[in-house]
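Student: Hey, can you walk me through this model? I'm new to reading these.
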Amino acid sequence: MLLTNLRAATMTGEGRYGLIDDAAILIEGEQIAWVGPRADAPAGEARDMGGRLVTPGLIDCHTHIVFGGDRAKEFEMRLEGASYEEVARAGGGIVSTVRATRMASEEDLLQDALRRVDAFLAEGVNTLEVKSGYGLDRDSELRMLRVARQIEARRPVKICTSYLAAHAVPEEYAGRPDAYIDDVAIPTLREAHAQGLVDAVDGFCEGIAFDTVQIERVFQVAQELGLPVKLHAEQLSHLGGTALAAKYKALSADHVEYATEEDAKALAASGTVATILPGAFYTIRETQAPPIAAFRAHQVPMALASDCNPGSSPLSSLLLTMNMGCTLFRMTPEEALAGVTRNAARALGLSDRGTLAVGQRADLAIWDIKDPAELSYRIGFNPLHARMYGGKL
């Protein structure tokens with residue numbers, strides 16, 4: 001299939017957006033076989049794209065879309081003055097979702113997750129990261145990971161799973177976080193890995209969750225098992241999580257509102273992606289913005305993600321996420337698009353997607369626009385014309 005009469009935002013780093021006007025893209029099987037000016041295109045079964053913009057398929061590299069229940073009541077509590085930490089310490093927050101998730105059946109969790117997945121696919125998303133972390137016991141964590149794996153069988157989308165048992169201390173281990181790490185987090189990680197359910201290992205390094213010493217114990221087991229790591233770091237305070245992520249050459253350090261310039265230098269040296277999550281910043285009305293200028297200055301790759309979850313970021317739109325990244329943090333539209341394509345792929349350790357280049361997967365988003373900046377500029381508007389997944393429209 002030869003896609004013709006299009007503008008290609010290749011996101012290859014060559015010029016602004018890697019843009020090729022009046023381009024063509026040759027698809028062979030599941031891969032891109034050629035991309036360049038239409039005048040130079042090889043032979044193929046031509047399909048006219050009507051002058052539309054074509055980008056790599058979008059990638060959301062940080063979501064929590066498998067969970068039970070909702071936390072609309074806590075939304076009300078925060079509006080009445082309670083802080084995120086106060087809600088958590090009152091038995092709400094992550095722990096309340098844990099109760100609902102433990103009670104839900106595997107099929108119920110899957111059906112609820114698929115509704116959220118469909119919202120992302122409708123906006124040109126082809127790859128989603130999905131975390132566990134709302135089970136916090138052996139059976140529930142494994143159930144969440146199984147559900148995440150089943151999504152690929154129900155929808156044309158790539159799912160990457162992250163094991164996040166070190167997300168919060170469950171009620172039965174209140175005041176005993178080290179015992180929880182020993183009894184649940186580490187043994188379940190070994191079992192989940194043995195069952196082929198884990199692509200990466202994550203943790204929540206924060207005062208209301210786990211400190212760097214506790215997270216490092218989980219990371220050491222991940223390293224032993226040959227699994228890459230990533231980390232929720234410096235969201236609400238500065239505990240040293242970003243430095244820990246850099247030490248372990250993590251795929252990404254996520255949130256990073258309280259990261260410093262020294263942290264930016266460490267991420268640059270380790271090759272770790274800084275994943276920016278404006279949905280949580282917006283929802284909990286945070287005032288400390290991530291150090292975007294420092295990340296730019298030290299050439300830290302920046303990804304953007306929805307952080308779709310029931311509490312701090314009930315956001316299921318990657319297009320709105322891009323607008324938020326620009327409006328709240330002054331990212332450029334080009335940085336935003338790179339953040340949900342090239343850099344998001346890097347944050348998941350995926351080298352076969354995220355750009356329009358020979359040998360990459362033919363995962364494309366075709367838009368009824370001509371200027372890539374429109375993807376970040378508009379609010380509540382979806383210009384997707386078609387989505388291609390593995391060479392199939």
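Student: Okay, so in what kind of crossing does H5 pass H6?
Tutor: H5 passes H6 in a right-handed crossing; a crossing is right-handed if the near helix is turned clockwise from the far one by less than a right angle, and left-handed if anticlockwise. Helices here are DSSP runs of H or I with at least four residues, strands are runs of E with at least two, and both are numbered from the N terminus. Before we go on: this is a predicted model, where local features need pLDDT of at least 70, side-chain atom pairs count only at pLDDT 80 or more, and totals for chains, interfaces and linings use all residues. Residues are numbered from 1 along each chain as its sequence is written, and side-chain values use heavy atoms, leaving out hydrogens and water.
Student: Got it. At what angle do H5 and H6 pack?
Tutor: Helix H5 (residues 138-154) and helix H6 (residues 177-194) pack at about 40°, with their axes 10 Å apart. Axes are lines fitted to C-alpha atoms, for helices over the stretch in contact, and angles run from 0 to 180 degrees between N-to-C directions. That makes H5 oblique to H6, since angles under 35 degrees count as roughly parallel, over 145 as roughly antiparallel, 65 to 115 as roughly perpendicular and the rest as oblique.
Student: And which residues of H5 and H6 make the contact?
Tutor: From H5 there are Arg138, Glu141, Leu142 and Leu145, and from H6 there are Val184, Thr188, Glu191 and Ala192. Contact means heavy atoms within 4.5 Å.
Student: Switching to sheets. What's the strand order in the open sheet of 8 strands?
Tutor: The order is S5-S6-S7-S8-S9-S10-S11-S12, with parallel pairing. Two strands pair if DSSP finds at least two bridges between them. At the edges sit strand S5 (58-60) and strand S12 (302-304), each pairing on one side only.
Student: Which strands does H5 touch when packing on that sheet?
Tutor: H5 touches strand S6 (125-131) and strand S7 (158-166), and its direction makes about 170° with that of S7.
Student: What about S13, are its residues buried or exposed?
Tutor: Leu364 and Ile366 point one way from strand S13 (residues 364-367), Ala365 and Trp367 point the other way, and all are buried. Buried means under 20% relative accessible area, with a 1.4 Å probe and protein chains only.
Student: How many bridges join S13 to S14?
Tutor: There are 4, and S13 and strand S14 (residues 384-388) run antiparallel. Tryptophan 367 stands opposite leucine 384 in S14.

How values were computed. Buried means under 20% relative accessible area, exposed over 50%, partly exposed in between (1.4 Å probe, protein chains only).
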